[in-house]
Amino acid sequence: MRRFGVLMSLVLAAGLGACGSFRDLFSAHADLVAEAGDQRLTPQRLSQIMAGGKGMRANRDAADFITNTWVDYSLFAQAVADGKLPLDSASIAKAVWPELAELRGGHWHDSLMARRSSFSPNAADSTYQANQVRVLQHILFRTPPNAVPEVRNAARKKAEGALARIKRGTDFGQLASQVSEDPGSKRDNGFLPPTPKGKFVPAFDSAGWSLAPGAVSGVVETQFGYHIIKRPSQDAVRERINAYLIQSAGTRLDSIYMDSLAIINKIKIAKGAAAAMRGAGENPEEARNSKKTLTSFKGGELTVGEFMRWVRALPPQYAAQLKQADDSMLTQFAKILTQNVLLLRQADSAKIGVTPEEWKGLEEHYRGQLDTLRVEMGLDTAALWDSSAAKADRNKVAATKVDQYFDRVLAGKTRLRPLPSALAALLRERFGYRIYEAGLNRGVELAEAERAKTDSTKAKAGPMQPAPGPAPIPGMGPPAPGEKAPAAAPAPPKSPSPPDRGDTATGKR
């Protein structure tokens with residue numbers, strides 16, 4: 001207590017000149033949300049974006065999203081102004097590392113499959129004859145759930161007409177592509193994927209498994225409508241069964257291979273890994289450079305910082321799911337990430353890379369993204385390319401363009417979307433920025449207060465009441481005494497609901 005009294009005395013004795021320092025000591029930059037280069041985001045501006053942006057919510061998640069997007073766009077604008085966009089090959093490789101990792105991992109996987117999943121020339125024929133998996137074709141005439149008898153009868157008559165055409169010699173696949181109402185199989189001449197017995201709905205399954213090679217069923221009724229089913233000949237489906245066998249073997253080998261990576265490299269989950277992962281999701285800025293170990297393995301470890309690098313490369317919906325995951329799901333995810341790291345390490349050892357064509361495609365796509373961003377943000381102006389202009393002037397133009405971009409977001413003229421995660425991470429590595437917790441919280445408070453004020457105003461106004469009489473017509477005044485008011489225009493007819501589409505034969509809707 002005495003120490004606190006001494007501190008207060010010193011602050012009061014210092015007068016007004018010390019007020020700013022005292023406020024900073026306890027509020028930790030509550031007047032500032034973020035800095036990126038020479039640009040600043042204030043709580044008031046953050047609140048304005050949250051309160052006014054279409055579909056925005058005044059909460060901490062929205063504040064984090066807006067702030068991080070603002071930082072990334074500001075750093076991008078600064079890089080344009082300074083002529084320091086990451087355009088050399090090494091920088092591009094860093095910016096597209098998720099795509100490179102996926103390609104290299106895919107090539108390594110393909111090489112493993114080529115060595116380990118060879119089949120005899122007769123494997124597909126043996127599978128066809130073993131009768132454990134079948135490839136079927138079908139034509140569907142759909143009926144909606146709870147269809148009245150008249151509708152079902154009409155669909156049945158169409159099916160009977162199609163069956164009559166097949167019996168007269170019409171090609172089944174051609175007819176399926178013309179008249180079937182199952183959009184998935186219609187595109188492939190009515191073919192369904194190779195499927196084990198019991199996976200279709202019962203009536204369809206029973207009819208399909210009773211057919212001899214080349215035979216066609218009668219009209220089969222299921223909850224989806226009326227089907228005509230064909231069992232194609234062995235020659236007609238040999239390649240499809242081959243592809244199925246390779247895919248099935250690949251799935252089994254993938255599981256065996258990934259498990260072997262864990263065993264051979266002795267993957268161990270660190271104590272408290274789940275809590276560390278959850279904490280990283282709540283404080284991503286602190287976690288970016290964390291060296292805390294999540295998993296260890298022979299010759300390396302997966303740190304919190306590396307975990308966050310992978311998470312940033314995931315689509316936003318997956319990152320959101322991780323925040324809700326329990327401890328067992330988080331530790332399983334850590335193991336899977338570690339297995340991916342080990343797979344890529346093996347690919348490196350085998351000198352697996354990307355082809356020149358793949359690299360060229362990645363480079364062109366990356367440069368195209370940067371060009372699109374420059375245009376969307378208005379950063380393609382000559383004021384930013386004029387090397388004779390002072391750096392400070394170019395940075396002012398860049399800051400203005402960022403503000404104007406967020407103004408367009410507020411006006412509903414553009415959507416707020418984040419930069420590609422790897423590009424954003426690269427810009428943050430190369431340019432200075434800071435995000436202030438207290439400023440973020442202050443921005444949320446202001447936005448919540450503004451939203452509450454707006455809601456209160458709407459509530460006081462009460463529900464909107466219709467004006468008496470017909471709808472006003474521009475250019476016409478009220479009717480003269482004794483005249484009838486013009487009738488209101490009739491309401492437009494309702495649009496028909498789109499048909500329900502689904503995987504009809506398997507029962508998925």
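Are phenylalanine 307 and phenylalanine 333 buried or exposed? Phenylalanine 307 is buried, and phenylalanine 333 is buried as well, where buried denotes a relative accessible area under 20%, exposed over 50%, and partly exposed in between (1.4 Å probe, protein chains only). The model is predicted, so local features need pLDDT of at least 70 and side-chain atom pairs count only at pLDDT 80 or more, whereas totals for chains, interfaces and linings use all residues. Residues are numbered from 1 along each chain as its sequence is written, and side-chain values use heavy atoms, with hydrogens and water left out.

Aromatic pairs were assigned to rings of Phe, Tyr and Trp (its six-membered ring) whose centres lie within 6.5 Å; planes under 30 degrees apart count as stacked, over 60 as edge-to-face and the rest as tilted. By this rule there are 5 aromatic pairs. In one of them, tyrosine 73 and tyrosine 405 are stacked, at 4.8 Å centre to centre and with 15° between the planes. Tyrosine 73 belongs to helix 4 (residues 60-82) and tyrosine 405 to helix 20 (residues 391-410), so this pair ties together parts 332 residues apart in sequence. Helices here are DSSP runs (H or I, at least four residues), numbered from the N terminus. Tyrosine 73 is buried at a relative accessible area of 1%, and tyrosine 405 is buried at 1% relative accessibility. Tyr73, Tyr405 and Phe406 form one aromatic cluster.

The pair of phenylalanine 307 and phenylalanine 333 is edge-to-face, with 6.2 Å centre to centre and 80° between the planes. Because phenylalanine 307 lies in helix 15 and phenylalanine 333 in helix 17, the pair ties together parts that are 26 residues apart in sequence.

Helix 4 also contains threonine 69, which is buried at 2% relative accessibility. The side chain of threonine 69 reaches the backbone oxygen of phenylalanine 65 at 2.7 Å.

The second largest pocket holds about 380 Å³ of space. A pocket is an open set of points on a 1 Å grid over the protein atoms alone, where a 1.4 Å probe fits, with protein on both sides within 12 Å along at least five of seven lines; lining residues have an atom within 4 Å of a point. The lining comprises 17 residues, of which Pro98, Ala101, Glu102, Trp310 and Asn340 lie nearest the centre of the pocket. Helix 6 (97-116), helix 15 (304-313) and helix 17 (327-349) are the elements that each give two or more residues to this lining.

Methods:
Points joined across faces, edges and corners; volume = space filled by probe spheres on them. Polar contact = N/O pair within 3.5 Å; in protein donor to acceptor, adjacent residues only side chain to side chain.
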